[in-house]
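Dear colleague,

I am passing on the structure below, together with some notes on what came out of going through it. Please read the notes with the coordinates open beside them.

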Amino acid sequence: MNTEKDFSPLTPNIVRALNDKLYEKRKVAALEIEKLVREFVAQNNSTQIRHVIQILASEFALSQHPHSRKGGLIGLAACSIALGKDSGLYLKELIEPVLTCFNDSDSRLRYYACEALYNIVKVARGAVLPHFNVLFDGLSKLAADPDPNVKSGSELLDRLLKDIVTESNKFDLVAFVPLLRERIYSNNQYARQFIISWILVLESVPDINLLDYLPEILDGLFQILGDSSKEIRRTCEVVLGEFLKEIKKTPSSVKFAEMANILVIHSNDLIQLTAMTWMREFIQLAGRVVLPYSSGILTAVLPCLSYDDRKKSTKEAASACNHSLMKLVTPEDDEDEEETGSGDIVQIGLYDKDVQVLDRHLHDASTGMMTRIAVLKWLYHLYIKTPRKMFRHTDSLFPMLLKTLSDESDEVILKDLEVLAEIASSPAGQTDSSGSCDNSDSKLELQVPDGAKAGDSSPSTPSMNSYFYKFMINLLKRFCLERKLLENRGAFIIRQLCLLLHAENIFHSMADILLKEEDLKFASTMVQTLNTILLTSAELFQLRNQLKDLRTQESCALFCCLYRSWCHNPVATVSLCFLTQNYRHAYDLIQKFGDLEVTVDFLMEVDKLVQLIESPIFTYLRLQLLDVENNPYLIKALYGLLMLLPQSQAFQLLSHRLRCVPNPELMRTPVGTKRPAYTHMDYNDLLQHFDRVQSKHLEVRHQRSGRADHPDRKLML
């Protein structure tokens, strides 16, 4: 430094001491400067005061010489001490050169700068608040300083500044938030710790309403929450917890809509629980305000529902979110528009994106079971609450819902069936011939059975829409293509459908479809399955009673419909006749068994029928054996089955039963044979239909085996 230069009002001795390498001499110079400035203050000589500060800043603090910079820093601090309460008038000139030294490469200089600024701020107190942003900016850089002494000095200054902010009611939050929003995205752990500590302080000050600006910093807070440092995460959790408490206290002033998407995007393992907890509170507090963000919320929530006990808390929070969100959907959402209190028209409810999210989770093979169940519950809920909107998506959802019937979980299948049943029976799905619900994927164009036409409703056959028949066609097609599905889950699926819809409609439609089925082996297997369900399932009790006596035109029509398809399986046809007490017709059918190809499978079916006759389902049939005179064809039919059987356990069982029949000598054909009360059926036509169907089966078997000529009947054992 040029010592010949005029530094007045600083004396040459002060100048030399400020430039000295020894701290003690620089300190002596600082005391002299303090004395000099006090004199100027007493004289109210602001010009000289500014001149002293300007010299200390430009000639010393910003000098190229390190010892001069140290002298300038201690001199500026001395000026501030001398100015006392008047230092606020000169803070800009005092602070700026000191902050410049925060960037010095010499760690000792950075430490001295911290010390000088501490003294300046300590004297000025609340007067420094207009300069808070530059002070915060400088401190945020020193928070990550590698030198421990500098860090220690900056922390001391930081605590002092926090005390000042806490005590004051003049903090300019509006001016500070843009800087906070920028710095909150720092990846440095020390800087993050510094930022989060300041947010915690500001949130604790009653006169500072940081909640209004939470949407601007919430994303950054969740970024910090994912930090690898346990201490930083803990502090951030405290901050978020304080914000959440305040949100619960004053929900009416919270900008939920602006923060909903922020919660959605934060779903990594470290911060997921907090995000779910916040989301749960948002949904419960904000209500329908969050519905426009429902697709994002579902995307975040649904995967969490399949977590195991290692993430039990996150799973429970996600489940609460899911439940609360579902409750927000109301029938009013089936309308396109809603008028707000202000008179504005706004779009409400769920949009296409929600269905896309649900559909995507069903398609994803990695989706967990509980998530799949939740997706299906959502679809069912939406079809109940917003059927008109949902039916716009049914064509795209339908194939995946059918595929889900092959799921490995019974609970998933049950929920899937509930959705399909709602689709099939909802009035919103009723369309005319020009509607979207066509059967173009099937060779059969079904007619709605009498009593079940769209728009009609009766106790026996509730109305079904066109998706019902599409569903039945595609379900049978799926059974045909996936024989394991039919074998393992077929009965379970059909029984549940009979509970969810109407057993008569299920059986009537399936029989109608199978009547046109070209794969005769599948048709026979499917009829056998349906027949077993009809005869054994508790869910079919009412339908069995309806068919038992054939006292009405409707029951006779149903019998004829089933009969024509049951003809694909001769033994099933006989069992249907037993169920409906058509004993003479059963006997006539058994007489025709002599012309059929008797295979092992055929005999096994007869064996099962004998077992069924001994079951509670046919208690009435066994009791009718007591009335030999009026039921000769029942006894003849049973003897016919006995003659078909080889000497087996079933043979012994049926033989023993027939030996219990009283007065066998009375087994003669009476003049009048008992028929069901309502006999408007052409039994000859039914027998002819049976013959035609069996001829087709025989022809197919011949073609498969390569035999062109009609073979002799063989017992294939």
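H24 passes H27 in a left-handed crossing, where left-handed means that the near helix is turned anticlockwise from the far one by less than a right angle, and right-handed that it is turned clockwise. The helices, H24 covering residues 503-514 and H27 residues 553-566, cross at roughly 40°, and their axes come within 8 Å. That makes H24 oblique to H27, given that angles under 35 degrees count as roughly parallel, over 145 as roughly antiparallel, 65 to 115 as roughly perpendicular and the rest as oblique. The axes are lines fitted to C-alpha atoms, for helices over the stretch in contact, and the angles run from 0 to 180 degrees between N-to-C directions. On the H24 side the contact (heavy atoms within 4.5 Å) is made by Glu 504, Phe 507, His 508, Ala 511, Asp 512 and Leu 514, and on the H27 side by Leu 558, Cys 561, Leu 562, Ser 565 and Trp 566. By class, the residues of this contact between H24 and H27 divide into seven nonpolar, two polar and two charged, where Ala, Val, Leu, Ile, Met, Phe, Trp, Tyr, Cys and Pro count as nonpolar, Asp, Glu, Lys and Arg as charged, and the others, Gly among them, as polar.

Please bear in mind that this is a predicted model, in which local features need pLDDT of at least 70 and side-chain atom pairs count only at pLDDT 80 or more, whereas totals for chains, interfaces and linings use all residues. Residues are numbered from 1 along each chain as its sequence is written, and side-chain values use heavy atoms, with hydrogens and water left out.

As for the protein as a whole, its secondary structure comes to 34 helices and two strands; helices (H or I, at least four residues) and strands (E, at least two) are DSSP runs, numbered from the N terminus. Of its 717 residues, 53% count as buried, that is, under 20% relative accessible area, with exposed meaning over 50% and partly exposed in between (1.4 Å probe, protein chains only). Among the contacts in the protein with a separation of 6 or more, 73% are accounted for by residues 24 or more positions apart.

H21 contributes Asp 410, Ile 413, Leu 414, Leu 417, Glu 418 and Ala 421 to the contact, and H23 contributes Arg 489, Phe 492, Ile 493, Gln 496, Leu 497 and Leu 500. These residues of the contact of H21 with H23 divide into eight nonpolar, one polar and three charged. The buried residues of H21 include Val 412, Lys 415, Asp 416 and Glu 422, and what covers the buried residues of H21 includes H18 (369-385), H20 (394-403), H22 (466-481) and H23.

In H13 (residues 256-265), Phe 256, Met 259, Ala 260, Ile 262, Leu 263 and Val 264 are buried, and their cover includes H11 (214-225), H12 (230-249), H14 (272-286) and H15 (294-301).

Two individual residues also deserve a note. Phe 132, in H7 (residues 132-142), counts as buried at 2% relative accessibility; leaving aside neighbours within four places in sequence, Phe 132 is in contact with Leu 161, Val 165, Phe 171, Phe 176 and Trp 198.

Lastly, some backbone details. Most residues other than glycine have a negative phi, and most peptide bonds are trans. Leu 550, in the loop between H26 (541-549) and H27, has a positive phi of about 50° although it is not a glycine, and Leu 550 is buried, with a relative accessible area of 0%. Gln 581, in the loop between H28 (570-579) and H29 (583-592), has a positive phi of about 65°. A cis peptide bond, with omega about 10°, joins Ser 8 and Pro 9.
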